[in-house]
Number of protein chains: 2
Amino acid sequence: MSTERDHRIPSPTISEVAAAAGVGRATVARTLGGYGSVSAKTRDRILAVAKELGYRPNSIARSMTTGETRTLGVVLADVGNPFFAGVLRGISDAARKADYDVLVLSTDEDLQLEAAAIEVLVDKQVDGIALAPAAGRSASLPHLDIVAKREIPLVLLDRLVDTVDADAVVINNRESSRQAVMSLIEKGHTRIAFVWGPVTNEPAAGADDLRRILDHALWSDGERLLGYLEALELAGIPFDTSLVTHVLKNESQATRAVLGMLSLSDPPTAIFATETDALTGSLRALRQRGLRCPEDVSLIGFDDSSWASVMTPPMSVVAQPMHQLGELTAECLLARVAGSEAPVATHVLEADLIERDSVAPPPTRP
Amino acid sequence: MSTERDHRIPSPTISEVAAAAGVGRATVARTLGGYGSVSAKTRDRILAVAKELGYRPNSIARSMTTGETRTLGVVLADVGNPFFAGVLRGISDAARKADYDVLVLSTDEDLQLEAAAIEVLVDKQVDGIALAPAAGRSASLPHLDIVAKREIPLVLLDRLVDTVDADAVVINNRESSRQAVMSLIEKGHTRIAFVWGPVTNEPAAGADDLRRILDHALWSDGERLLGYLEALELAGIPFDTSLVTHVLKNESQATRAVLGMLSLSDPPTAIFATETDALTGSLRALRQRGLRCPEDVSLIGFDDSSWASVMTPPMSVVAQPMHQLGELTAECLLARVAGSEAPVATHVLEADLIERDSVAPPPTRP
């Protein structure tokens, strides 16, 4: 208890030490900061006075001396999104354990905001940066040049970018997506909608065209779609471009897109929704059409939450290990900050398909 | 574009400027930092060289000179919780608009972690602190003494503490809770469960005893319960201590507590669940008993999410303005950082009761 109390006594300022020692503020700053030249006699007097007054260097003064801020910068799409909130919690927990703090910035998937965020973090001299890039997997990211030049450790999080040579922590999006779609196929579905596909003005003409479009999509989104395509191919089910959405990612767009699909002459009997808003948007479309899940349309979502399992019916989902993703990201980053020269690595965590009651065989055609 | 590119050229270090100007590093630091004495001739040479090399002071050097870090510290219960994630997003947006950044720490409602978080933020010399205190409303918070002594602006967020003299931004918990419970009473309910009440070893003997216990509870939790008590009183419904939970806040505890209530000889016909986990925990209890919502038991939750409205039935909830709560908190804090000497104020935002289909009249007794 008493040490805790002691810590709460404010440290005297440099000016207070200077006044007590009868020297100038700059001399105290040089002495306590350990830079510049001060006579041995003066330094001894200053150190004695500083000790007597209970001086503790603040973190800024320490940073001037050590070049360390003990702060990690985190750049995410949206800190208010439950997925990224869970990831951030994981990063924070691991950082705190190592006595590091976290500066967090949201990009809203906008590359200009991402560039501005990186500039802020470089200016704040964070010791390392964790970034969920807003760029497509084949993009070049000139705003990361300064990070490389300054040799600031960088870890990519949730998404890969081919042009960036850095450690990364992601989940096995393609495999978990393929597994989810396979589980629908095993129940007898052949008309399976995919929400969300990449945003394009013109829907892809076919699977190959779609693969080309994916080069410009977020890696994670692309992988989920590739998993879908692989599952169809494995089962010999022809790809139908009208069953993949090309709309902006928001819930009402998902609802509209799914309503459109349900109006097709050969509508989907199952939907694979690759984010929470895609799932709730799809559910809203089913409700508007008076369709039941799973009797009329089966559903699998992405990301688990306490809601998913209390739905009627409880929703099957691909559950990402959000906290672990954040934790491992921070651990990789801290290892680099500590000087690790291990080869650059991509760590792939596994997502789990949690099967509940939102999947049934397709309805028999009249 | 070209200015953007320019910004990416790394600023030379103080050592590089020193080498080019043929002077010592400390002299450059004094000149560029604007402290200590340097001859006019030397200063001019250093400034000319610094300009030629494109020197831009980094934020740490600026902080040494100005005493500002342009950073706000945010201390929340859990950054991974959807409510606090939404609040943090609001804080971040307002901070970014003002060119401030955000250091965020979670307390898990633990006062020792809160004290440690405050110490970290003081040490990092943040310009202001937003705090969702983990303490009961009547607690004294000695770890905030140093914040007051250093005159670091502080804004309480989501919860009030009587002993802390600071601006606060909260929602009208008591009124919105009373309104929710009144809406249940108007449908004919008199047996209304309250999840979550305060954690106690011994259930309250009566309403007065409960009010005493509330002095040690989080302000927001206490207000929600007081709103419940007020609604009962207004309607002349006797308070029954067995309809208020006293368990730790986690979903499985909520489920257990509700299962216990449903086994009473006079079980609740409605549940008011004051957080998301309380609601999903209650739904799980109903499902385990094979009870339908709203035919057997009506439900009102707290906090809206895209899930709530796609449930079967869609859930009635008290929706808190999370983003606005965060935004206003940051705005108040930034006004204090800018030197506002306005009287200390508590800002109360309104939560809305969103009525959906999870409330019906109580079932008629056999």
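Domain bounds here come from an automatic or database domain assignment. With that in hand, let's walk through this predicted model, starting inside chain A.

Chain A splits into domain 1 (2-66), domain 2 (71-170 + 322-349) and domain 3 (173-320). Taken over C-alpha atoms, the centres of domain 2 and domain 3 of chain A lie 29 Å apart. Where these two domains of chain A touch, domain 2 brings 11 residues and domain 3 brings 11 residues. On the domain 2 side, helix H6 (82-97) and helix H14 (322-337) of chain A each supply at least two residues.

Next comes the contact between the chains: 50 residues of chain B meet 50 residues of chain A. Several elements of chain B give two or more residues to the side that touches chain A, among them helix H1 (2-8), helix H3 (25-33), strand S2 (101-106) and helix H13 (276-289). The largest share of that side of chain B, 6 residues, comes from H6(B).

Here is the make-up of two contact sides by residue class:

Finally, a look at one helix of chain B. Which residues of helix H2 (residues 14-21) of chain B are buried? They are Ile14(B), Val17(B), Ala18(B) and Ala21(B). These residues sit on the same side of H2(B) because they cover an arc of only 100° around the axis. After H2(B) comes Gly22(B), with a positive phi near 70°.

Technical notes:
Residues are numbered from 1 along each chain as its sequence is written. Chains are lettered from A and ligands numbered from 1 in the order in which they are written. This is a predicted model: local features need pLDDT of at least 70, side-chain atom pairs count only at pLDDT 80 or more; totals for chains, interfaces and linings use all residues. Two residues are in contact if their C-beta atoms, placed from the backbone, lie within 7 Å. Helices (H or I, at least four residues) and strands (E, at least two) are DSSP runs, numbered from the N terminus. A residue is buried if 20 or more other C-beta atoms lie within 10 Å of its own, exposed if 12 or fewer, and partly exposed in between; C-beta atoms are placed from the backbone. The arc is that of the directions from the helix axis to the C-beta atoms.
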